[in-house]
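User: I would like to learn how to read pockets and surface patches in a model. Please take me through one case.

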Amino acid sequence: MQTCTADGLLHGKSLCVHCRQFRLLLRRSWRQITRDRAAAIARLSSNVSSAVIFGAIFFRMQKKQSSIQDRLGLLQVGNHVIMFAASRNLPNRFCCLAYLWYCCM
């Protein structure tokens, strides 16, 4: 197994493949996110509003042993909100991938 050095060189010969792939994928993701500013602002405002609501509920809870279950329940609901927000565009992506897969077969 080959390892990368701190300066990104692979045993001093060539650029580390993993570092280069990560940099390229990061650049591509950044371009894709910043391309549609309206969608990015909508996602950001949705996430911030959810964080404010859950934060307000979380900090209003009592700090007792008996409210641990309530706090864990709120964290679970918050995780579900994050999961559903992340999977909003999944059906569109799945349809495109299914179409590509069907065309290639």
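User: What volume does the second largest pocket have?

Analyst: Rolling a probe the size of a water molecule over the atoms shows where empty space is left. This is a predicted model, and the volume of its second largest pocket is about 220 Å³.

User: Which residues lie nearest the centre of that pocket?

Analyst: Of the 13 residues lining the second largest pocket, those nearest its centre are Ser50, Ala51, Phe54, Gly78 and Ile82. Two elements each give two or more residues to this lining: helix H2 (37-60) and helix H3 (68-86).

User: How many nonpolar, polar and charged residues does the lining have?

Analyst: The lining of the second largest pocket has eight nonpolar residues, four polar ones and one charged.

User: Which residues form a nonpolar patch on the surface?

Analyst: Leu44, Val48 and Val52 form such a patch, and together they have about 280 Å² of accessible area. Val48 is part of helix H2.

User: Why does Val48 count as partly exposed?

Analyst: Val48 has a relative accessible area of 46%, and partly exposed covers the range between under 20% for buried and over 50% for exposed.

User: How many helices and strands does the protein chain have?

Analyst: The protein chain has four helices and two strands, in the order β-β-α-α-α-α from the N terminus. Of its 105 residues, 8% are buried.

Methods:
Residues numbered from 1 in each chain as written. Predicted model: local features only at pLDDT ≥ 70, side-chain atom pairs only at ≥ 80, totals over all residues. Heavy atoms only, no water. 1 Å grid on protein atoms, 1.4 Å probe; cavity = no way out; pocket = protein on both sides within 12 Å on 5 of 7 lines; lining within 4 Å. Points joined across faces, edges and corners; volume = space filled by probe spheres on them. Nonpolar A, V, L, I, M, F, W, Y, C, P; charged D, E, K, R; others polar. Patch = residues over 30% accessible without salt bridge, like charges linked within 9 Å, V, L, I, M, F, W, Y side chains within 5 Å. Areas by Shrake-Rupley, 256 points an atom, 1.4 Å probe, with all protein chains shown as cover. Salt bridge = Lys/Arg side-chain N within 4 Å of Asp/Glu carboxyl O. Buried < 20%, exposed > 50% of the residue type's maximum accessible area, 1.4 Å probe, protein only.
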